[in-house]
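Dear colleague,

Please find below the structure that I am handing over to you. My notes on what was found in it follow directly after.

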Amino acid sequence: MSKRDYYETLGVGRDADEAALKSAFRKKAMQYHPDRNPDNAEAEAQFKELNEAYQVLSDGQKRAAYDRFGHQAFENGGGGGHPGFGGDFATSMSDIFEELFGMSGGRRRGAGGRERGADLRYNMDITLEEAFAGKSAQLRIPTTVSCEVCSGTGAKPGSKPKTCGTCAGHGRVRASQGFFSVERTCPTCQGRGQVIEDPCANCTGSGRITKERVLSVNIPAGVEDGTRIRLANEGEAGFRGGPPGDLYIFLSIEPHAFFQRDGQDLYCRAPVSMVTAALGGAFEVPTIDGGRAQVKVPEGTQSGKRFRLGGKGMPVLRSKAVGDLYVQVDVETPRALTKRQKELLAEFEKESSKDTQPETAGFFAKAKAFWDGLAKDG
């Protein structure tokens, strides 16, 4: 499948200047950013495509090559790159997002080469009862934490990181190639501006180590399937003392054996006997809080009738409102009848009239009229 033209992807003309490129990318990147479109594969693909197009067209040398050779200029390791959503994507996007939006698209670098730690995702399954009442849970998260030996600096205790002599602490170096001047990440310090000559033996200079952490999380009552809970600063530790990332907990509610949920309301089905439906009666159903509720069945209830029990549904998240429970009755036709039971039903059928079974009478009256109309037309 051929790739879309980079100018078309950004929605600009081939004569667009740097300001126009930046403006177009900013508008579309905000629209398709993963944080605004969680679990949206199409938006994620659009965002990747936008990033790739902007990285090429915002670089004078790459843009010149693209204008002349198109996508072929970057095939077979030609330098265009196809960034994904791994570490390379986070690193390549950080400078762009800091410049355009004042935010970090990945790991943000600070002074002394300190990078913000990566965000973590934890998928958690809960029951419908737990979503109703809320719960407090403990999670065991394998992650990276700040090295206690070097206090996160990455340097051996008693020593300090030194300013990189290649880039003079800027993290980037310039190189001239023909008519172009290209600025790239410093190969000596990998853009951090500092180097560690005597690294910490415990963390090998990264300032962090891998460790399993136990975290407590409170799940509020009323959460829905797909709810995301953010625990600030509970993600991976930053590189060389940088700020930690965040932990995002995505909740999935397990299917329930009795109830189905639609927003704040609950639904269930209950069979009733033909006699109860005809003569009226009552029965009990369980409620999500573990209690019982009585459903009164009026005389002549038809199969499919739905009864509303107010305030017996799910709580609304961060609200005092509560949904309802809807009970649908299904009239059960008796089976395995005895001879006497069959005789009684036959007697009942003989005594039936249009008043006792109006829907049946109405249906067959319409059917007869339909057949009579066909006979006349024939």
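The mean pLDDT of the protein is 83, and 87% of its residues reach 70 or more. Please bear in mind that this is a predicted model. Confidence is highest in strand β14 (residues 306-309), at a mean of 97, and lowest in helix α5 (residues 87-101), at 43. Over residues 77-108 the pLDDT stays under 50, and the model has 68 contacts beyond four places in sequence for this stretch.

Overall picture

The secondary structure comprises nine helices and 15 strands. The protein has 378 residues, of which 34% count as buried. Of the contacts between residues at least 6 apart in sequence, 62% join residues at least 24 apart.

The hairpin and the cores

Strand β12 (residues 281-286) pairs with strand β13 (residues 292-297) in the antiparallel sense, over six bridges. Within this pair, V285 stands opposite A293 of β13. The two strands form a hairpin with five residues between them, and G290 in the turn has a positive phi of about 95°.

Which residues have the most contacts inside the largest nonpolar core? They are I249, F283 and V327, in a core of 36 residues. Leaving aside residues up to four places away in sequence, F283 touches A270, V272, A293, Q294, V295, V297, V327 and V329. There is also a second, separate core of 16 residues, which includes Y7, A24, A29 and Y66.

Two helices

Helix α4 spans residues 60-69, and at its start a side-chain oxygen of D59 reaches to within 3.0 Å of the backbone nitrogen of K62. Just after α4, G70 takes a positive phi of about 70°.

Helix α9 (residues 358-377) has 20 residues. From its first C-alpha to its last, α9 reaches 29 Å, close to the 28 Å expected at 1.5 Å a residue. How many of the residues of α9 are buried? The count is one among its 20 residues, and α9 is thus hardly covered.

Residues in loops

D246 has its place in the loop between β8 (228-231) and β9 (247-253). Is D246 buried or exposed? D246 counts as buried because its relative accessibility is 6%, and the cut-off for buried is under 20%. The side chains of D246 and R230 are joined by a polar contact of 3.1 Å. Not counting residues up to four places away in sequence, D246 touches R116, A118, D119, L120, R230, L231, A232, N233, E234 and G235.

N233, one of the residues that D246 touches, lies in the loop between β8 and β9 as well. The phi of N233 is near 65°, a positive value in a residue other than glycine. With a relative accessible area of 49%, N233 is partly exposed, because exposed requires a value over 50%.

T204 also has a positive phi, near 55°, and is a residue other than glycine. T204 is found in the loop between β6 (194-195) and β7 (208-219). Its relative accessible area is 66%, so T204 is exposed.

Yours sincerely

Note on methods. Residues are numbered from 1 along each chain as its sequence is written. This is a predicted model: local features need pLDDT of at least 70, side-chain atom pairs count only at pLDDT 80 or more; totals for chains, interfaces and linings use all residues. Side-chain values use heavy atoms; hydrogens and water are left out. A polar contact is a pair of N or O atoms within 3.5 Å; within protein, one must be able to donate a hydrogen and the other to accept it, and residues adjacent in sequence count only if both atoms are side-chain atoms. Helices (H or I, at least four residues) and strands (E, at least two) are DSSP runs, numbered from the N terminus. Two strands pair if DSSP finds at least two bridges between them. A nonpolar core is a set of buried Ala, Val, Leu, Ile, Met, Phe, Trp, Tyr and Cys residues joined through side-chain atoms within 4.5 Å. Buried means under 20% relative accessible area, exposed over 50%, partly exposed in between (1.4 Å probe, protein chains only). Contact means heavy atoms within 4.5 Å. pLDDT is the predictor's confidence in each residue, from 0 to 100. The expected span of a helix is 1.5 Å times one less than its number of residues.
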